[in-house]
Amino acid sequence: MGTLETWVVDLNDIFWTYLLIPLVAVAGVWFTLRSKGVQIRLIPEMFRVFRDKPQSGVSPFGAFTISAAARIGTGNIAGVATAITMGGPGAVFWMWMMALIGGASAFVESVLAQLYKVRDTEPGTYRGGPAYYMQKALGMRWLGVVFAVLITLTFGFVLTAVQSNTITVATKGSFGSDASWFNPVLGVALAALLALAVFFGVKRLTAVTKVIIPVMAALYLLVGLVIVLLNLGNVPGMLGDIVGGAFGFREVAGGAVGTAILQGVRRGMFSNEAGMGSAPNAAAAAETTHPVKQGLVQTLGVYFDTLVICTMTAFVILSANPTLGERGGADVTQAAFTSALGDWAGHLLTLVVFMVAFSSMIGNYYYGESNIQFITRSKHVMSTYRVVVIACAVLGAIGSVPLVWSLADVTMGAMVLVNLIAIIPLGAVAFRLLDDYLAQRRQGLDPVFRKDQVPGLRGEVECWDASDQDATPRERIPAGSL
């Protein structure tokens, strides 16, 4: 087993270092240049769109919380710690850069998901994502099926088990229990909670995540802010270490420039998922008047994940002067909390870990559900999928998953590669919609999209008929600076 794990880790390093990271970076830079920095210049518009409310379906905020539920997970706690301990403080800078550049990729894939979405069985609900635009825009259903299988395997099964295991390890550490029954009982409890969420449809999922995500983020940020304020005098030095380490101005153990870049980019990508093809599944679920709106909302989600949550984690860890060059994860973050606030902070972090990991399990389930529906509409297959997801929650709690994590890296990397094959040639479609959106905003209108107003769109567009949009009131709003 050890040999297999070593082989998988080595494969991951080669795959990500020499193929995926350069490809994702090039795609992000191209999308940024082609859109004239849409992810930067339209930040005020992102907040305006965030407040949109639908007539009956899932709101942009609701879709945002589903994607945030999957984005904000233990990677924000353990992943940042790994990046810092292995790549030095400079890795944080490259995580920031990955978020800023990757925001353009997140915009493109989410706009495409909205444009090529399909109507779901419940009135006012939709489903979509990379598998759907691969079929409808590229005419390559086989590629969509490959992607659907990869994302279902990675998010629906593997990462559900990983999150369950993380909750179990953290909880067991807080209670200090070595009882043989602890893990199975907790696993069954987690499976029962997950079952309550997954058997009530996407609207119930958004109801759950709307409660969990704000509470989770507020609690973590509040405690993190307290720790940063207690170490306020060290903040300038931490910022200096981050910038200096990024460019090699300050050499630290394990923090050479190359390692800082690789760790920062890789962990940043895992954290915010920009360009990976996962968040578009949630973006497609939103009911909105223009596809560009959801692209802007999802870009804001990338910033929230990396520039806010991950940055706070980095400041907390750096305030505790972590040992560099020695791989660490959530234990490093937990040690920083305990060092700053006392033993009770370790228990608080356990609660945060539960909240972020369980919300990720809900988001991961939805990604798999949407893609199972792309492959087949069989109710038996969907019921089987739900049972297997719930079983993974139990198995993850009672097992050790280092090899599963490595296998998840492989399947997730393959998922990224397949998605990039689709969005690079389809980026031009997203930018045509962006031009239409900006033209309406310059007229002082709240943009409304119909597929006939942008002629020559590539592939089959199922939604966005005139009958769907004509009833939408054309609110006049200040055009602002666009």
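This is a predicted model: local features need pLDDT of at least 70, side-chain atom pairs count only at pLDDT 80 or more; totals for chains, interfaces and linings use all residues.
## Charges over rings

The charged end of Lys-117 sits over the ring of Tyr-126, at 3.9 Å from the ring centre.

Residues are numbered from 1 along each chain as its sequence is written, and side-chain values use heavy atoms, with hydrogens and water left out.

## The chain as a whole

The chain has 19 helices and two strands; helices (H or I, at least four residues) and strands (E, at least two) are DSSP runs, numbered from the N terminus. Of its 482 residues, 59% are buried, where buried means under 20% relative accessible area, exposed over 50% and partly exposed in between (1.4 Å probe, protein chains only).

Contact means heavy atoms within 4.5 Å. Among contacts between residues at least 6 apart in sequence, 84% join residues at least 24 apart.

## Aromatic pairs

Eight aromatic pairs turn up in a search of the whole structure. Rings of Phe, Tyr and Trp (its six-membered ring) pair if their centres lie within 6.5 Å; planes under 30 degrees apart count as stacked, over 60 as edge-to-face and the rest as tilted. Tyr-365 and Tyr-385 are a stacked pair, because their ring centres are 5.5 Å apart and their planes are at 20°. Tyr-365 belongs to helix 16 (residues 344-375) and Tyr-385 to helix 17 (residues 379-398), so this pair ties together parts that are 20 residues apart in sequence. Both tyrosines, Tyr-365 and Tyr-385, are buried, and together with Phe-157 they form one aromatic cluster.

Phe-449 and Trp-464 make an edge-to-face pair, because their ring centres are 5.6 Å apart with planes at 70°. Both residues lie in the loop between helix 18 (402-442) and helix 19 (466-469), so the pair ties together parts that are 15 residues apart in sequence. Phe-449 and Trp-464 are both buried.

## Nonpolar cores

A nonpolar core is a set of buried Ala, Val, Leu, Ile, Met, Phe, Trp, Tyr and Cys residues joined through side-chain atoms within 4.5 Å. The largest one has 76 residues, and Leu-115, Tyr-133 and Leu-296 have the most contacts inside it. Helix 18 gives the most to this core, with 16 residues. Leaving out residues up to four places away in sequence, Leu-115 touches several residues, including Phe-449 and Trp-464. A second, separate core of 22 residues includes Val-92, Val-228, Cys-310 and Met-312.

## Ile-423 in helix 18

Ile-423 is found in helix 18 and counts as buried because its relative accessibility is 0%. Apart from neighbours within four places in sequence, Ile-423 is in contact with Phe-31, Val-108, Glu-109, Leu-112 and Tyr-133. Ile-423 and Leu-112 are 311 residues apart along the chain, and their C-alpha atoms are separated by 8.1 Å.

## Helix 9

The expected span of a helix is 1.5 Å times one less than its number of residues. For the 17 residues of helix 9 (residues 182-198) this should be 24 Å, and the end C-alpha atoms are 24 Å apart, which agrees. Buried residues of helix 9 include Phe-182, Leu-186, Leu-190 and Leu-194.

Conventions:
A charge sits over a ring if NZ of Lys or CZ of Arg is within 6 Å of the ring centre and within 35 degrees of the ring normal.
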